[in-house]
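Here is a short briefing on one protein model. Look at the structure first, then work through the points topic by topic.

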Amino acid sequence: MSTPMFTSSFAQRASRPAAARSAALRRLLPVLALTCLATGGVAAPDQATAAAPTHVGVAGLRAADSFPTWGTRWVVHAKPDINSPSVGMINRTSAGQDRITADYQVDTGRRVCEGSACSTFMAHITQPVTGFLTVVAVDIPEDRLPGVPVRAEQPAPQPGSRQQTLQRAAVWLTANNGRPVPYAQDRFWRDGYRQDCSGYASMALGLPTPGTNTQGLADRRHTRPIAMNELQPGDLVIDAIGTSNTRHVVIFEKWNDDAHRSYTAYEQRSVHGTSHRSVTYGLTAGSEYKAYRPLQYGN
């Protein structure tokens with residue numbers, strides 16, 4: 001039901017070919033920790049799509065700039081932090097398929113590297129997805145976007161709410177062209193999260209892509225144990241014992257009766273994919289399922 005946790009926030013992104021950035025176009029920077037997973041080489045962006053940036057503004061003031069990108073499966077984040085939740089992805093299937101429009105950028109102080117290209121900057125983009133994208137994804141020689149305003153301030157991260165967790169969980173019920181997202185331990189949905197139970201729960205909680213595993217969700221870094229009768233909307237019920245084929249996690253929504261004989265939950269399950277149904281995990285004597293409360297709720 002779960003797979004080992006990946007440490008990357010750029011799942012299954014293709015490596016950049018050396019020809020895509022010659023030494024004349026991009027100065028070589030020391031390669032620190034790579035923050036992506038590679039699935040093979042990709043072609044360099046088509047030169048026709050890598051034209052000079054277009055500028056939008058009045059009296060020479062650049063309000064937004066358009067830039068080409070390279071590689072595939074770049075994750076766009078909710079905040080200027082590569083560990084913040086994913087809000088979408090660009091270049092899903094073809095290198096250089098998307099151009100991005102950026103209105104400002106933030107120096108996060110955290111270096112992201114891919115090959116010889118490194119940057120601490122994340123751009124706030126408005127097209128084709130609104131959110132924050134590492135400047136390493138942009139096909140430019142600089143380590144920051146030229147002509148785009150830099151904002152030094154970085155918004156303080158806000159804790160997730162129970163309602164936000166349930167709202168995100170519901171998205172996958174119809175995200176597959178009106179159908180549930182299919183289950184898979186070794187595949188990633190278009191938002192960058194793994195398509196198994198723990199990847200789904202990680203998505204709902206807004207954890208970094210591609211999601212932690214079931215045992216990670218039960219770790220005290222993310223949750224704390226509670227009694228089953230204390231479950232509230234957005235809490236988790238987890239079986240963290242056993243193998244990747246037996247461990248499981250569901251997202252509690254509500255009790256179905258005052259006697260607490262069953263409850264309604266969101267889950268990502270084999271064959272069926274994303275489900276919203278009545279379950280009884282953890283309600284029988286000796287069950288390996290236990291209740292956990294995400295620390296982000298603050299209670």
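In helix α1, residues 162–171, four residues are listed as buried: Arg 162, Thr 165, Leu 166 and Ala 169. Buried means under 20% relative accessible area, exposed means over 50%, and partly exposed lies in between (1.4 Å probe, protein chains only). Helices (H or I, at least four residues) and strands (E, at least two) are DSSP runs, numbered from the N terminus.

The model is predicted: local features need pLDDT of at least 70, side-chain atom pairs count only at pLDDT 80 or more, and totals for chains, interfaces and linings use all residues. Residues are numbered from 1 along each chain as its sequence is written, and side-chain values use heavy atoms, with hydrogens and water left out.

**The whole protein**

- The protein has 3 helices and 14 strands.
- Of its 299 residues, 52% are buried.
- Take the contacts in the protein with a separation of 6 or more: residues 24 or more positions apart account for 62% of them. Contact means heavy atoms within 4.5 Å.

**Helix α1 and its cover**

- Which residues of α1 are buried? They are Arg 162, Thr 165, Leu 166 and Ala 169.
- Seen down the axis of α1, these buried residues fall within an arc of 95°, so they line one face of the helix. The arc is that of the directions from the helix axis to the C-beta atoms.
- The cover over the buried residues of α1 includes helix α2 (197–205). It also includes strands β11 (248–255), β12 (263–269), β13 (273–279) and β14 (290–294).

**How α1 meets α2**

- Two packed helices are described by the angle between their axes and the distance between the axes.
- The axes of α1 and α2 come within 7 Å and cross at roughly 130°.
- That angle makes α1 oblique to α2. Angles under 35 degrees count as roughly parallel, over 145 as roughly antiparallel, 65 to 115 as roughly perpendicular, and the rest as oblique.
- Axes are lines fitted to C-alpha atoms, for helices over the stretch in contact, and angles run from 0 to 180 degrees between N-to-C directions.
- On the α1 side, the contact uses Gln 164, Thr 165, Arg 168, Ala 169 and Ala 170. On the α2 side, it uses Tyr 200, Met 203, Ala 204 and Leu 205.
- By class, this contact has 6 nonpolar, 2 polar and 1 charged residues. Ala, Val, Leu, Ile, Met, Phe, Trp, Tyr, Cys and Pro count as nonpolar, Asp, Glu, Lys and Arg as charged, and the others, Gly among them, as polar.

**Helix α2 and what follows**

- In α2, 9 of the 9 residues are buried, so the helix is largely enclosed by the rest of the structure.
- Those buried residues include Cys 197, Ser 198 and Gly 199.
- Just after α2, Gly 206 takes a positive phi of about 75°.

- Most residues other than glycine have a negative phi, and most peptide bonds are trans.
- The peptide bond from Gln 127 to Pro 128 is cis, with omega near -5°. Pro 128 lies in the loop between β6 (117–127) and β7 (131–134).
- Thr 209 and Pro 210 are also joined by a cis peptide bond, with omega about 0°. Pro 210 sits in the loop between α2 and α3 (214–217).
- His 260 is not a glycine, yet has a positive phi of about 55°. His 260 is in the loop between β11 and β12, and is partly exposed at 28% relative accessible area.
- Val 271 is not a glycine either, and has a positive phi of about 75°. Val 271 is in the loop between β12 and β13. Is Val 271 buried or exposed? At 78% relative accessibility, Val 271 counts as exposed.

**Residues brought together**

- Tyr 104 is in strand β5 (residues 99–114). At 13% relative accessibility, Tyr 104 counts as buried.
- Tyr 104 and Val 150 are 46 residues apart along the chain, and their C-alpha atoms are separated by 5.8 Å.
- Leaving out residues up to four places away in sequence, Tyr 104 touches Ala 123, His 124, Phe 132, Val 148, Pro 149 and Arg 151.
- Ala 227 is in the loop between β9 (223–226) and β10 (236–239).
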